[in-house]
Amino acid sequence: MSEMAAQGKEPEVLYWVGCAGSFDARAQKVAVAFAKIMNEAEIPFAILGQEESCTGDPARRAGNEFVFQMMALQNIETLNMYNVKRIVTACPHCFNTLKNEYPALGGNYDVIHHTQFINDLIKEGRLKLKGGGAFQGKRITYHDSCYLGRVNGVYEAPREILASLDNHLVELKRSKTNGLCCGAGGSQMFKEDEPGDKRINIERTEEALETGAEVIVANCPFCITMMQDGVKAKDKQEEVMVVDISEMIVSNNRL
Amino acid sequence: MIQQILFAIVAIAVFGFAFDRYNKIYRNIRLGKDYDTSGSEAARMKNMLLVAFGQKKMFKRLIPALLHLCVYIAFVVTQIELIEILIDGFTGNHRYFYPLLSSISIGGFDMYWFIISSIEGLSVLALVATFAFLARRNLLKIPRFRMSEMKGWPKIDGNVILMLEIILVTCIFTMNAADDALYRLGHTHTNGLHHEVGSFGFAVTAPLGDLMYQFFGQFDEMGIWMLEILERAGWWGHILVVFLFLGYLPFSKHLHIMLAFPNTYFAPLNSRGEMENMPDVMNEVKMMMGLTDMDGSMDDPGDELPEFGAKDIFGLSWKNILDSYTCTECGRCTSVCPANVTGKKLSPRKVVMAVRDRAEEVGTKIDSGDYDANNFDDGKSLFDYISREEIHACTTCNACVEACPVMINPLEPILKMRRYEILTESAGPGDWVPMFTSIENGGSPWQVADARDKWATDATKENE
C-alpha cells in the first residue's frame with residue numbers, strides 16, 4: 001500500500017490479509033490463492049504489509065477491550081491515512097470486525113468477504129471460469145463459518161460460486177442459520193477446550209464425513225484449521241480434503 | 001349482589017397483588033445500566049409484530065411451533081370472552097354482548113355464535129396441544145427439557161402452567177354447556193333470554209349441553225338448581241384460574257406471554273456482529289496513543305478504579321435483565337450451543353436463568369430494607385450463579401442468539417462477564433495471556449518473527 005501511495009496510485013481494493021493469512025502456513029496458501037485470483041481478474045489491489053496488525057477480534061471476544069482498542073485504533077489510523085475506501089478479506093473474523101465494529105471507533109469502510117468479492121467478479125464477467133481442475137465432479141460439502149453466515153447473513157455468495165463450478169454439493173445437516181461452529185470462535189482457537197465429552201471440531205467433522213464428501217469447503221482460516229485437525233483425528237486425511245473456496249477457483253483455472 | 005361484591009373484592013385483591021409484583025419486576029429490570037433504544041421505531045415495531053405477535057422465529061421447529069400456535073391463538077381470542085366475564089363479574093350482567101352480537105348475522109350465523117364457537121374450537125386445539133406439551137415434558141425424552149437447569153422448580157413451573165390451562169378450558173366448557181342446558185329448560189340468565197327456550201348451539205358445548213339437559217332435566221327444580229351451580233362453578237372456576245394465573249405469572253417462566261412484546265421491540269437493531277463499544281476504554285487508549293485533542297474535556301477518572309464489564313446485574317444493561325425475565329426456558333438456545341452439545345458445562349439457557357435468579361435475589365434483598373439499591377453489596381455476584389468454566393466455553397457463534405424465539409441474547413452477559421474477568425480482575429484463562437501479549441507487542445495472536453508480508457514475497461519469488 002505504501003508503495004502505491006508513494007506512486008500516487010490508488011488500488012481498487014485493499015486486501016486485508018489478516019494474521020492467519022500472513023503467518024499460518026495453511027492460511028498463507030489461501031492468501032496466495034486469493035491473490036492469484038485477483039491477478040487473474042486484473043484487479044489492482046494492495047496489502048498493508050507490515051502496517052497491518054491484528055484487527056483485535058480475538059482480544060475483544062476474550063474480554064480484553066484494551067488490546068482490542070489498541071489494535072483497532074492503530075489500524076483505523078493507518079487505513080484513514082491511506083484513505084482506504086474498500087477492503088476485501090478472506091477471514092470472516094477480520095471481515096466482521098472491520099465491517100461492524102470499526103465504525104463506532106471512526107473507521108468507515110466498504111468491507112466485503114472474499115467469497116462475495118469472487119462471486120461478484122464471476123457475475124460481472126471479470127473472472128472467467130475455465131472448467132476442470134482437481135475438484136471437477138467431486139462430491140463436496142460446505143461449512144458455513146459463524147461470522148460470515150449467522151453473524152453477517154452471507155449464505156448465498158459462497159454457494160453461488162460453488163454452483164458455478166462443476167461439483168456435487170451435499171449440504172451438512174446443520175447448515176446456514178443452523179450451522180454448527182467449528183469450535184475456534186470467541187478466542188477458543190487460542191486456548192485449551194473446557195472439559196467436555198468431545199471437541200467441537202470433531203462433532204462438526206463427523207457431520208461433514210457423514211455426507212460422504214471428498215472435499216470440505218470452508219471460507220475461514222480458523223475453520224480450515226479446525227476441520228483439518230478433525231479430519232486428521234478421524235484418520236481421513238488421505239480421502240478428505242479441507243479447502244478454501246478460493247483454492248477451488250485456482251484449481252479450476254489452473255492458476 | 002353477594003356474587004358481585006365477592007368478585008370485586010377478589011378482583012381488586014388480585015390486581016393489587018399483581019400490580020405490586022409487576023412493579024418489582026420493572027424495578028429489578030431497571031437495576032441494569034442504560035441501554036440505547038434509538039433507531040427506527042418502524043423497524044422495532046416490525047420485529048415485535050413479526051416475532052412476538054407473528055411467532056416467526058417459533059417456526060424454525062415446525063411441530064412445537066404448531067402446538068404453540070394453537071395455545072397462543074386460543075389465548076388471544078379467549079380475551080373477548082374474558083372481557084364478557086369481567087363485565088358479568090362486576091355488574092351481574094350475564095353474556096353482556098349477546099343481545100348486540102347475536103343480532104348481527106354473518107353467512108346465516110349470528111356473530112355471537114360465531115365468536116364463542118370459534119373460541120371453543122380453538123380451545124379444543126389448545127387442550128390437545130396442552131396434553132402434547134405435557135407428554136413432551138414428562139414422557140418423551142426430549143433432551144432440552146431434561147437438562148440439569150430444568151430440575152426442581154423449572155420443571156414444576158412448566159407443568160403447573162399446563163395444568164392450569166386444562167382447568168381453564170374445562171371450566172369454560174362446563175359453564176357454556178350448563179348454560180346451554182339451562183337455556184333448553186328456559187332458565188338461562190343470559191341477557192335478553194330470560195324464560196326463553198332454545199339452545200346456543202355452540203360448536204363444542206351444544207352437544208354437551210344436550211346431554212346435561214337430558215340428565216338434569218329429569219330432576220325438575222332440583223336439576224335446574226344443580227345446573228345453575230354447575231354453571232356458576234364453571235364461571236367462578238374459570239375466572240379464579242385467570243386471576244391465579246395473573247398473580248402466578250410474575251413468578252413464572254410463563255411471563256413471556258407479556259414480556260415477549262417489549263423484548264422484541266427493544267431488541268438491538270444493529271448487527272449482531274458488533275460488540276458494544278466501551279467508550280471509557282477507547283478514550284483511555286486514544287489518550288495513551290496521543291490521538292485525543294487535549295482540550296481538557298476529559299473527565300477526571302478519580303481515585304477509584306472503574307469497574308469494567310459485568311460482575312453483577314448492575315453491570316448488565318436493563319435489556320439483559322428484561323431478556324432474563326422474558327425467557328420461557330424452552331432451551332432452543334442450549335440445544336444448538338456447540339459447547340453444550342459437546343458436553344461442556346455451558347448452557348445459554350442457564351446463563352439467562354441465572355441473570356433472572358440473581359435479579360430476583362437482589363430485588364428481594366432490596367425489599368427487605370437491609371440493602372441500599374444504589375450501593376448494593378451482599379458479597380455475592382453473578383459469578384456465584386455462573387461459573388468461569390461456563391463463560392470460558394463460549395465460541396461466540398451466535399447460535400443461541402439466532403435460536404431464541406423472543407430475541408433474547410444469552411451471549412451478551414457471557415461477554416460482559418469475560419470483560420469483567422479480564423479488565424477488572426486481570427484474571428481469565430491462562431492460555432490467553434500469551435495471545436494478548438503477542439497481539440499487543442507483535443500485532444498478531446501468534447508470536448512470529450517473520451515479516452507480515454513474507455508469504456507474498458515468497459510467492460512472488462516462486463513465480464519468477
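Domain bounds, as used here, come from an automatic or database domain assignment. The model under discussion is predicted.

**Domains of chain B**

In chain B, the assignment gives domain 1 (2-30 + 61-252) and domain 2 (36-57 + 307-428). Taken over C-alpha atoms, the centres of domain 1 of chain B and domain 2 of chain B are separated by 35 Å. Their contact draws 19 residues from domain 1 of chain B and 24 residues from domain 2 of chain B. Between them, domain 1 of chain B and domain 2 of chain B bury about 1,900 Å², with 49% of it on carbon and sulfur atoms. Four salt bridges are counted between these two domains of chain B. A salt bridge also joins the side chains of B:Asp367 and B:Arg27 (3.0 Å, N to O).

**The largest cavity**

Nine cavities of 30 Å³ or more are present in the structure. The volume of the largest cavity is about 190 Å³. Among the 21 residues lining the largest cavity, A:Asp57, A:Pro58, A:Cys91, A:His93 and A:Phe222 are the closest to its centre. The largest cavity lies between domain 1 (2-120) and domain 2 (129-252) of chain A, because both give residues to its lining.

The helices of chain A that each supply at least two lining residues are set out here.

| Helix of chain A | Residues |
|---|---|
| Helix 2 | 18-23 |
| Helix 4 | 57-62 |
| Helix 6 | 92-101 |
| Helix 10 | 221-233 |

Helix 2 of chain A gives the largest share of this lining, four residues. By residue type, the lining of the largest cavity comprises 13 nonpolar, seven polar and one charged.

How values were computed
Residues are numbered from 1 along each chain as its sequence is written. Chains are lettered from A and ligands numbered from 1 in the order in which they are written. This is a predicted model: local features need pLDDT of at least 70, side-chain atom pairs count only at pLDDT 80 or more; totals for chains, interfaces and linings use all residues. Side-chain values use heavy atoms; hydrogens and water are left out. On a 1 Å grid over the protein atoms alone, a cavity is a set of points where a 1.4 Å probe fits but cannot get out, and a pocket is an open set with protein on both sides within 12 Å along at least five of seven lines; lining residues have an atom within 4 Å of a point. Grid points are joined across faces, edges and corners, and a volume is the space filled by probe spheres set on the points. Ala, Val, Leu, Ile, Met, Phe, Trp, Tyr, Cys and Pro count as nonpolar, Asp, Glu, Lys and Arg as charged, and the others, Gly among them, as polar. Contact means heavy atoms within 4.5 Å. Buried area is the accessible area (1.4 Å probe) that two parts lose on being put together, summed over both.
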